[in-house]
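Here are my notes on the model you sent over. Have it open while you read, and take the points in any order.

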Amino acid sequence: MLSSWNSSGLAVVVVRRDNSVPGGWRREYASYGIAKDDGAPITPDTIFGIGSNSKLFVSFSVGLLVSNETLAKERGKALDWNTKAKDVLPGWGLMDETASKSASIQDMLTHRTGMPRHENSIAVKPGGKAEMIAMLRYLRPSAEFRQTFQYNNVMYESLAYLPTVLLNQSYESYVGQHIIKPLNMSSTMYSVKQAEASGNFADGYQWTMSDSARGIRGIRTATVPYFSRNGTENLWAGAGGVLSTARDMSIWVSMLLNNGRHPDTNETVIPEAAVDYAATGYTVFDRKASFPELSPKVYGCGQIMYSYRGHEVIEHGGTTVGFKSQITRFPNDNLAIVVLSNDIAANPIVESVKWRITDEIFGLSPIDWDGRYRQAYEASVKDLNTGISRPSDTKPPSAPFENMEKSYSHPTYGILRPCYANKGSNSSSPSSSGSYCSDVLSKPLTQTLLAASGSDAPSLIIPWSRVIATHLLLTHYTGNIFNASVIWTNRDVREAEGYGSTGDVVTGLDNRFVIEWVKPGQEGEGLAFKGGFWGSDGLDAQEPGGTGEESAEVWFKVDNNANN
């Protein structure tokens, strides 16, 4: 499968409770493919990013705080899963008044606050997580409170602030002290520097210049260095910051199968009540089964529950830049399967391997899961948001493109400064209206990104530093409407850290959204971001109605102070 999908590598571990063997646990490891561009092989000790499988660490950190009697005495009241966010997170507030007042820790963990992803709002802020939480009130909801499931990493990052608020201890330190160290998971960490220094940190692979909507898969390229740089890991620690190995994950799933107790000493690490609470469904994740052998799915606290061919399943997937993971357990069968990949596009492989092992262990008739996922992949490519095709009778905007070269701001998403590239016009040189845009447009990277759009329409580029974004790329559609993509590239980081300008990665061309330039040069001017920019995935979620600012998922108003 690795060869047929042109993927990099996999680490697999199967864990079974078996009282007939010494220690009571049977653990089998398998490793395939390469960990690094130099050909170093994957091993059980290769370090991977496990992405959203980090969320269960957040849930358990909450569970430990809930069970902390000393903390309850000091606070004068116990922390509870139903504790309101406003009562425990300083600065908390949401745009929806009901959600702001009523959202509990449980609501945040089970993705039912009414908030879409809004992931591009996450960036380095002077006030750290406290400022991030205080800025949530400016993010527009896409559903009513508790109306529908909507995956939201920002809520998990907010909950990762609890140890700091309640104990004056960083989240990473708290998890290390109370979860990672007691389990002797010595190769599990949040520190990128520590992982890189070990020599075992895999290169995460992405598909640079991929644009599936245009039939371009891209080139599999190692993302070196890792996207999260030393000192910024805290931004993504709760939602997806754990780095670990197949060997350590075998201990982790053994603990889960042992209801929170250390698999070797039988001492409690995570309260059994917390393990059970996390694996109890509170929100409907999938209303309909995606395959005949599966049931609908419910979501707990960093866990998804359903059944497979009569067997109960508790699992979660994980995706982070360059990595994919799936951690699955069958509690009634004393079985767990962990599959880790250093290829961000490896989900079909990860899932196929998981089910192939499951079917064999349970003695079930084999299913061609690889074939099924190939069909699903091909269908997903067809369903990609390709933007809106430019009409033949294109109309110019109501003001010259150059007039967009000004500052626009949003309290949470920050400041945008578009630079017009004159692409598609009769001019053969970039716009020179202002030294800022001259500097931006003169960079080779900018020209690479503009060329990558595959469009000869007038284009604008916006440098934009987010956790998983570096630029916005706009191409004109017609009138005041633009197609746009959120771009991430590591070229600047590679050059700054001495890797050179070759071998960089450019991603984000695959998915597009829409920007409307509202009232150019008039009172109320701004940029209305629409068409899925906010990351809404709730079945009952709704796009904003109306026109102009009212229609925006995210509204950037012209910043007159910055433009004076």
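1. How many bridges join strand E1 (residues 9-17) to strand E12 (residues 335-341)? Seven, and the two strands run antiparallel. Arg16 stands opposite Leu335 in E12. Strands here are DSSP runs of at least two residues (E) and helices are runs of at least four (H or I), numbered from the N terminus; two strands pair if DSSP finds at least two bridges between them.

2. Before going further, some ground rules. This is a predicted model, with local features needing pLDDT of at least 70 and side-chain atom pairs counting only at pLDDT 80 or more, while totals for chains, interfaces and linings use all residues. Numbering starts from 1 along each chain as its sequence is written, and side-chain values use heavy atoms, with hydrogens and water left out.

3. Now the whole sheet. It is open, has eight strands in the order E2-E1-E12-E11-E10-E9-E8-E7, and pairs antiparallel. Strand E2 (25-33) and strand E7 (283-286) are at the edges with a single partner strand each, so one side of each has no neighbour in the sheet. On average, neighbouring strands of this sheet are turned by 20° against each other, direction ignored.

4. Look at what lies across the sheet. Helix H13 (residues 347-362) lies across E1, strand E9 (304-308), strand E10 (311-320), strand E11 (323-330) and E12, and runs at about 25° to E11. Axes are lines fitted to C-alpha atoms, for helices over the stretch in contact, and angles run from 0 to 180 degrees between N-to-C directions.

5. Next, a helix pair. Helix H1 (residues 55-66) and helix H8 (residues 171-180) pack at about 80°, their axes 10 Å apart. H1 and H8 are therefore roughly perpendicular, a label that covers 65 to 115 degrees.

6. Is Leu89 buried or exposed? Leu89 is buried, at a relative accessible area of 3%; buried means under 20%, with a 1.4 Å probe and protein chains only. Leu89 sits in the loop between helix H2 (69-75) and helix H3 (97-102). Leaving out residues up to four places away in sequence, Leu89 touches Met108, Ile133, Ser158, Tyr161 and Leu162.

7. Last, Thr446 in helix H16 (residues 444-452). Thr446 is buried too, with a relative accessible area of 2%. Not counting residues up to four places away in sequence, Thr446 touches Val440, Leu441 and Ile461.

Terms used. Buried means under 20% relative accessible area, exposed over 50%, partly exposed in between (1.4 Å probe, protein chains only). Contact means heavy atoms within 4.5 Å. Angles under 35 degrees count as roughly parallel, over 145 as roughly antiparallel, 65 to 115 as roughly perpendicular and the rest as oblique.
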